[in-house]
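Please look through the sequence and the structure shown below before reading on. The report that follows takes up one part of the fold at a time.

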Amino acid sequence: MVNISVMIVSVVMSHAPLPHYETVSEDALVEAAQKTWEVSEEKARILVSGARLGGQLADVHPGWLLSMAYHESRFNWGARGDCKKGKKRCLAYGLCQIHYHTAKGVVDGLRREDLLNPFLNLIVAALLYKKYIKRDGRDRAHIAYACGRGCKGATTTPTFHKRYNMAKKFMANINRRKR
């Protein structure tokens, strides 16, 4: 028998909730990152180390964090975004294109340059997700991450499905390795 409340929630939600953290070996994550995004082993190890720790801290699958970082910057940890013409500073920094003023809300003493460290950038992104999961729930945390409180009433973001499908591909590569 189908639970009617589950059906109603499924109809109202436009996307799946963020995937929970899953314990996976570093080697399996590195191999899946290499296969999914064609990055070197060295780069994959750096990315995976930040995504694993961040994922543990926030209870978010490392594959989600990596998919989001790839989508935001194509794994360019020196990326700067939301730069205003004529201004010296940009608003978003690093792999996950984190806004500095938003990041200061979860990490004391953070400097803009710190967000260019790939390991730290992934951890800060995860801490932001943790904050949004607690405040808005797992099914709305990505909306809060993507556009803050400016998306009141939104049920998804334009890029959620691309990121989610990329995370699913990454997780499938992990599962292929287990066989």
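## The hairpins and their sheet

Strands E2 and E3 form a hairpin with 4 residues between them, and glycine 94, which lies in the turn, has a positive phi of about 80°. Here helices (H or I, at least four residues) and strands (E, at least two) are DSSP runs, numbered from the N terminus, and two strands pair if DSSP finds at least two bridges between them. This is a predicted model, in which local features need pLDDT of at least 70 and side-chain atom pairs count only at pLDDT 80 or more, whereas totals for chains, interfaces and linings use all residues. Residues are numbered from 1 along each chain as its sequence is written, and side-chain values use heavy atoms, with hydrogens and water left out.

In general, strands of a sheet pair through backbone hydrogen bonds, either parallel or antiparallel. Between E1 and E2 (residues 90–93), which run antiparallel, there are 3 bridges, and glycine 81 stands opposite alanine 92 in E2. The hairpin of E1 and E2 has 6 residues between the strands, and in it glycine 86 takes a positive phi near 85°. E2 and E3 also run antiparallel and are joined by 2 bridges, with tyrosine 93 standing opposite isoleucine 98 in E3.

## The disulfide

How many disulfides are there, if one is defined as a pair of cysteine sulfur atoms within 2.5 Å? The count comes to 1 disulfide, and it joins cysteine 83 to cysteine 90, with an S to S distance of 2.0 Å. The link of cysteine 83 and cysteine 90 is right-handed, with 95° about the S-S bond. These two residues also meet in the sheet, where cysteine 90 in E2 is the bridge partner of cysteine 83.

To describe exposure, buried means under 20% relative accessible area, exposed means over 50%, and partly exposed lies in between (1.4 Å probe, protein chains only). Cysteine 83 has a relative accessible area of 44% and is therefore partly exposed, whereas cysteine 90, with a relative accessible area of 12%, is buried.

## Helix H4 and histidine 61

Histidine 61 lies in the loop between helix H3 (41–58) and helix H4 (62–73), and it counts as buried because its relative accessibility is 1%. Contact in the wider sense means heavy atoms within 4.5 Å. Not counting residues up to four places away in sequence, histidine 61 touches Pro19, His20, Tyr21, Glu22, Phe170, Met171 and Ile174.

Why is H4 described as largely enclosed by the rest of the structure? The reason is that 9 of the 12 residues of H4 are buried, among them Pro62, Trp64, Leu66 and Ser73. Just after H4, arginine 74 takes a positive phi of about 55°.

## The nonpolar core

A nonpolar core is a set of buried Ala, Val, Leu, Ile, Met, Phe, Trp, Tyr and Cys residues joined through side-chain atoms within 4.5 Å. The largest nonpolar core has 48 residues, and those with the most contacts inside it are Trp64, Leu65, Cys96, Ile98, Tyr129 and Tyr145. Among the elements that give two or more residues to this core are H3, H4, E2 and helix H6 (118–136), and H6 gives the most, with 8 residues.

Leucine 65 lies in H4 and counts as buried because its relative accessibility is 0%. Although leucine 65 and alanine 51 are 14 residues apart in sequence, they are 6.0 Å apart in space, C-alpha to C-alpha. Setting aside residues up to four places away in sequence, leucine 65 touches Ala51, Gly54, Gly55, Val60, Leu122, Ala126 and Tyr129. Tyrosine 145, leaving aside its neighbours within four places in sequence, is in contact with Met68, Cys96, Ile98, Ala125, Leu128, Tyr129 and Tyr132. Cysteine 96 is buried, with a relative accessible area of 0%.

Key. A disulfide is a pair of cysteine sulfur atoms within 2.5 Å.
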